[in-house]
Amino acid sequence: MSDNTVILETKNLRKSFDGQEVLKGITTTIKKGDVLALIGPSGCGKSTFLRSLNLLEIPTDGHVLFEGTDLTDRSVDINQVRQKIGMVFQQFNLFPNMTIRENIMLAPVKLGKLTREEAEKKAVELLARIGLSDKADAYPAQLSGGQKQRIAIVRSLAMNPDIILFDEPTSALDPEMVGEVLAVMKELANDGMTMVVVTHEMGFAREVANRVMFINDGVIQEEGTPEEVFGSPKSPRLREFLSKVL
Amino acid sequence: MKRKKQILCLLLAGMALLGAAACGQSTAGTEAGQETETVQGTETAEHTVTSVDDLPGARIGVQLGTTGDIYVSDYESDGSGTVVERYNKGADAVQALKQGKIDCVVIDEQPALRFVEQNGGLRILEEEFTLEDYAFLIAKDNEELLEKVNGALAELREEGVLDEIKKNYVGAESEVGKYPYESADVERPNGTLVVATNAEFPPYEYYEDGAVTGMDMDIMRAVCDKLGMEIKIEDMAFDSIIPAVSSGKADIGAAGFTVTEERKKNANFSDTYTTSKQVIIVADEDAVQAGQTLSEKFYNSFIKDSRYMYLVKGLGNTIVITIFAVMIGIALGFLIAVVRTNHDRNGGFTVLNAICKAYLTIVRGTPVMIQLLIIYYVIFQSVTINKLVVAVIAFGLNSAAYVAEIVRSGIMAVDVGQFEAGRSLGLTYRQTMGSIVMPQAVKNILPALCNEFISLLKETSISGYIGFMDLTKGGDIIRSVTYDALLPLLAVALVYLLMVMGLTKGVNLLERKLRSNER
């Protein structure tokens with residue numbers, strides 16, 4: 001599925017909060033078409049790592065390279081780069097004062113990527129793709145959690161990103177809604193979208209991801225294909241973690 | 001629908017209150033009397049004042065800063081249990097006396113005569129309290145003007161003009177009103193004389209037909225004619241006159257100033273232009289209350305001499321101050337809030353943020369009235385500036401501090417996820433704040449913001465302290481002419497109430513419209 005174009009690269013990435021080191025040097029490479037699942041106990045730093053990839057968290061040390069550009073270089077226009085990096089949040093973060101259509105259209109129109117007409121057409125297309133065409137003029141408060149998260153995904157798609165970061169996209173959902181969101185993500189993966197997913201859904205990680213990274217205590221403890229990580233875990237810490245979540 | 005009913009109820013309640021208060025007025029004497037007795041029963045024995053010797057131990061009303069105040073203050077600390085109530089206006093002291101809240105009022109003779117004439121049930125004790133000289137007040141460092149004024153007064157005295165003016169106001173009954181001073185038609189090349197007065201002190205200075213007139217004012221006009229100067233009369237609180245003169249806001253104080261040692265420390269006095277005495281007004285139990293009917297009171301308060309125009313003009317000024325102050329408040333308040341949130345979120349604007357914080361601390365830590373006085377008397381001390389502008393600046397700057405904190409808390413109340421969602425889509429900080437965070441913040445803060453403006457509207461009622469005629473001051477002027485507190489105060493209250501209710505309704509509509517987006 002993945003070719004050899006490097007999309008994202010981190011080099012010795014470190015992040016501290018008030019002197020407390022959360023990321024202790026993470027180096028990895030994400031290639032086009034990769035679906036990378038980040039797993040690990042809570043507080044291990046996986047969300048911080050994900051948020052460092054588009055500089056929502058500013059790394060204390062180390063480098064993040066997106067398509068060859070070093071984002072930690074202060075002269076880089078981070079806003080330009082973020083247009084190519086989509087992000088989906090645990091709490092959806094749809095804009096409650098706008099309709100679904102407006103939510104999707106806002107960024108492409110504001111940033112001059114699409115005209116209003118083009119953006120409108122794109123919104124209709126995207127909504128049809130996830131089967132929510134009838135919700136175009138509804139407000140977020142009128143939707144279920146699963147619907148909101150699917151909208152949040154297509155909102156990020158409206159910018160035509162090269163990669164999408166998912167921060168525990170199903171953790172805030174009622175169990176019966178998890179499936180519909182995972183289905184959309186799976187479809188994206190099948191279409192070749194590069195994705196980094198912080199998740200507790202081991203089933204999804206095993207089935208959809210081509211790489212699984214186990215982060216523990218701010219470092220990459222173990223990494224490999226789903227078969228390697230889930231089938232023959234090497235470190236005792238990963239074995240212990242898997243015994244608890246599987 | 002429900003809200004409409006509520007508003008109707010409120011209006012009805014307001015009207016009922018007005019009616020009840022009006023009816024209550026006729027019985028106010030007895031009610032107040034009872035209240036007095038119960039108070040006295042616990043504190044001091046019944047105290048009737050029939051001579052100067054009775055003053056120690058009495059509750060004495062005076063006008064703040066007058067010589068009456070200075071004299072009776074001596075009784076306050078001599079252990080006799082004397083209570084001195086200091087009112088901003090003589091008329092307020094007289095009103096309190098009528099309602100039995102105090103035992104007597106010590107005040108200058110001429111205003112006392114007017115008060116007693118206009119109010120039934122009062123009399124002046126024959127024994128006078130003190131004799132005193134009236135003079136004009138000039139700044140310490142302005143010897144030149146002092147000399148010129150004294151020269152002009154001497155000439156006027158010699159020509160008999162001074163006597164005529166005096167006769168016109170305080171002469172025998174047949175003479176009063178017979179010698180109105182007509183300004184001479186002279187060249188006025190020598191600039192403007194700014195006269196500070198307190199036009200609540202008839203017959204020396206008071207409002208008539210919307211202008212300040214009286215004996216002191218006529219003498220000032222005559223002096224200006226002699227000096228070849230234009231006259232500009234500034235009406236302000238009595239205790240503001242000395243600071244106004246010594247700070248240069250006004251050139252001369254003309255408000256029945258008695259020459260006292262204390263005042264001499266702060267300003268120079270011209271030669272004496274008349275003498276007066278302090279007298280004691282007491283309630284006259286024997287007199288039949290010459291009560292006015294409500295319609296007479298209404299006529300006197302609003303219709304006679306078009307007195308309602310004081311309220312109309314005042315209302316106009318109140319609205320103008322409020323509107324411009326709100327504009328300054330919103331503009332500056334949002335600016336401060338943006339600086340503060342930007343600092344909190346991004347760590348930028350360190351210096352600006354520190355300035356903003358200091359500003360908020362000072363403005364929110366001091367009363368708005370003090371700020372108004374400081375801006376007028378200290379900051380704009382040596383500048384001739386329109387009082388409207390001063391009031392707009394003072395209230396605008398004050399409001400900005402409160403708006404800033406309201407806006408900041410409103411921005412902070414928007415989930416940080418909204419901000420992150422905007423930024424992660426590639427929007428800049430400014431775009432995110434402008435298109436995503438602010439619209440939600442505004443909705444959050446709209447009720448608080450409106451409440452701030454409602455209190456701002458009401459706070460402007462202290463504009464009278466710098467002598468600016470807002471709605472409240474307009475009512476005060478009527479009060480000082482008619483000596484009737486009831487109707488002008490109620491009318492002023494009603495106008496404020498209606499404005500506030502209108503504003504509240506408007507905001508409720510707006511809020512509902514904004515909320516209709518979300519359920």
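Good morning. Between chain A and chain B of this predicted model, 4 residue pairs are in polar contact, with both residues at pLDDT 80 or more. On the side of chain A that touches chain B, four elements of chain A each supply at least two residues: α2 (78-82), β6 (85-88), α3 (100-110) and α5 (145-157). The largest share of that side, 3 residues, comes from α3(A). Sorted by class, the side of chain A that touches chain B has 14 nonpolar, 7 polar and 4 charged residues.

There is also 1 salt bridge between chain A and chain B. A:R51 pairs with B:E420, and their closest N and O atoms are 2.6 Å apart.

How much area do chain A and chain B bury between them? The figure is about 2000 Å², with 57% of it on carbon and sulfur atoms. Of the area that chain A buries against chain B, A:N79, A:F95 and A:N97 supply 24%, more than any other three residues.

Let us now turn to chain B itself. Chain B is divided into domain 1 (133-277) and domain 2 (309-518), and the C-alpha centres of these two domains of chain B lie 39 Å apart. Between them, domain 1 and domain 2 of chain B bury about 1300 Å², 49% of it on carbon and sulfur atoms.

Across this interface of domain 1 and domain 2 of chain B there are 2 salt bridges. B:E234 forms a salt bridge with B:K387, the closest N and O atoms being 2.5 Å apart. The side of domain 1 of chain B that touches domain 2 of chain B has 5 nonpolar, 4 polar and 6 charged residues.

Thank you.

Definitions and conventions:
Residues numbered from 1 in each chain as written. Chains lettered and ligands numbered in written order. Predicted model: local features only at pLDDT ≥ 70, side-chain atom pairs only at ≥ 80, totals over all residues. Heavy atoms only, no water. Buried area = accessible area lost by both parts, 1.4 Å probe. Salt bridge = Lys/Arg side-chain N within 4 Å of Asp/Glu carboxyl O. Polar contact = N/O pair within 3.5 Å; in protein donor to acceptor, adjacent residues only side chain to side chain. Nonpolar A, V, L, I, M, F, W, Y, C, P; charged D, E, K, R; others polar. Domains from an automatic or database assignment.
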